[in-house]
Amino acid sequence: MNILSYLQRIGRALMVPVAVLPAAAILMGIGYWIDPDGWGANSAIAALLIKSGAAIIDNMSVLFAIGVAYGMSKDKDGAAALTGFVGFLVVTTLCSPASYSMIMNVPLESVPAAFGKINNQFVGILVGVLSAELYNRYSGVELPKALSFFSGRRLVPILTSFLMIILAFILMYVWPVVYNGLVSFGESIKDLGSVGAGIYAFFNRLLIPVGLHHALNSVFWFDVAGINDIPNFLGGAKSIDAGLATVGITGRYQAGFFPIMMFGLPGAALAIYHCARPENKAKVAGIMIAGAFAAFFTGITEPLEFSFMFVAPILYVVHALLTGISVYIAATMEWISGFGFSAGLVDMLLQSRNPLAVQWYMLIVQGLVFFCIYYVIFRFMIRKFNLLTPGREESAGDETIDGYDESISPADSSDSDIQKEARQYVAAVGGSDNIVSIDACITRLRLGVKDSAVVNDAMTKRLGASGVIRLSKQNVQVIVGTRAELVAKAMTEVIAKGPIAGSAPVAVAEEKKAAEPAKAKGNVILSLVAPVSGQVFSLDDVPDEAFSSRIVGDGIAIKPTSSEVLAPASGTVVKIFETNHAFCLETENGVELIVHMGIDTVALKGEGCARLVEEGAEVTAGTPILNLDLAFLEANAKSMISPVIISNIDDFAGVEILVEGDVKAGETVIYNVLK
């Protein structure tokens, strides 16, 4: 299993303990609403609710150990959860200040402060991962007959106890270093004030695709590095009296999310709807309304985010930047409203009477502004760069390949409604024969498959999924919304009834499209020659999302075998980058060309690339522009597959690719630009 897939498993498992946070937030929020000043002293009902919620919040570290062990176990058995609990007790007991003092024979007052914080989410995650690995490896072991009572699942907690003794011994030396590192990281962000809050929020969003944002959140939201935003904020008046929270400061790593989740993303949804093709608008409206409602009301944003995250990654980066800006603004203005689960309407209303919620209503004003910002930016970028957001997919004649009108076979008559839907999802991912494992988190089906290539993206979209993520050939995620766990369970149930065939792959529709008579081509207004000798690649093969998704423009790529880079057409060299790794050429008829040598070559700071002309030079096709040290670049660049593209392709009818295989610099015509 590759590292990314393993991290994905951890990310999935983290959702198990995180899923209990809404219960704590609602209980404490209602209790504080009833008695905001007395913290339960003036109301027995408030005290009951507050203490019930605190029971969850105060024990999140052990819940992480249990939840991760359970979530990463192969069969989701209760014995795995017990293993995580046992492991956490052993480690935290042995690494407590009192135990450390006895074991290491040092005075109690000399025990490093790190061991006073051993009961935290990071240790919980570590114990949970190790416990799950032990369970998965040894839960089926058979011991000799005399010891058979301890075989299988009963053996794992015993083995875990011994492993955790070793882990505790290691942590006695390692944990102070790790803890001090986490504290330094948290304090460095805190010392940046509002800017630090914005940086945290930016990376919070960037980690969403791999599901590891909760690991980052734990540093700021819980008592890993002394910040502890969620418990301190939910404590309200009690936290203030105890000196644990500061009005206007506690909650600054959360407040700015409200304008994004409640208003910004719904603005993006409206832009996506308005940019959809007319024939698809009615269907896109249903998807966007459901996603916008979930974001506004509950703060669950994944259905919306995954609808554009992979089809238009540049939009997702913009979304992450805007989130950072929003959190920065709220922190700077000290407009605060924390949350226990996510930044939706429910949490905003529940926290509105909390004395730590400072001018929280201004977040609504900020949100209305961000609604407009998201709408304008998303609509402009979708149209400017022709981004294929939902509803903008190309049609294929009588057969649609976007999945909105995909034919779905009838379900078994004994299936319930959710099982009928689940049966279709099984078919969409290649049938029961293609499925190895089924799991789910809050919004995603996490599936182990034999071959991810046979997953029918179109059919999943027809069923209401926001998107499909292929992590590897054997790992797929389908974004189905907050019903993911129900769908996953129902998929297991319908597979148990008997085999289910896979649906026809999208390639069938594509082949039909390819078989149709070719549409009339536009007039050729410019022919480009190869700027270097080498092997031709499709832009799909360029290891850079900006090029492979054609956000930057359309054309081809070449892996060079010659060191001299020539002008592919006659025109003006309008730009040569300071690092000499790329240049822009504008022709007389307005075609704007970019020749970009290699990927991430800008990081080499000009080494390996030398310019032969200066900006503003008038050149003819075949004029030398750059000179490359190919041996150096091959050894140091991420890739030498080099895009040769039209950056203003939207002004033309398209490009006509003329070559495959190898090309010769200055001689081979690689493609035509059509008007």
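**Helix contact, sheet and confidence**

Trainee: Which residues in α5 meet α8?

Mentor: Leu 82, Thr 83, Val 86, Gly 87, Val 90, Val 91 and Leu 94 in α5 meet residues of α8, including Val 156, Pro 157, Thr 160 and Leu 171. Contact means heavy atoms within 4.5 Å. This is a predicted model: local features need pLDDT of at least 70, side-chain atom pairs pLDDT 80 or more, while totals for chains, interfaces and linings use all residues. Numbering runs from 1 along each chain as its sequence is written, and side-chain values use heavy atoms, without hydrogens and water.

Trainee: What makes residues of this contact nonpolar, polar or charged?

Mentor: Ala, Val, Leu, Ile, Met, Phe, Trp, Tyr, Cys and Pro count as nonpolar; Asp, Glu, Lys and Arg as charged; the others, Gly among them, as polar. The contact of α5 with α8 thus has 13 nonpolar, four polar and no charged residues.

Trainee: Why are β6 and β7 called a pair?

Mentor: Pairing takes at least two DSSP bridges between two strands (E runs of at least two residues). β6 (534-537) and β7 (554-560) have four, in the antiparallel sense, so they pair.

Trainee: How do you know where confidence is lowest and highest?

Mentor: By pLDDT, the predictor's confidence in each residue, from 0 to 100. Helix α22 (506-515; helices are DSSP runs of H or I, at least four residues) is lowest, at a mean of 41. Helix α18 (362-384) is highest, at 95. Over residues 395-409, pLDDT is below 50.
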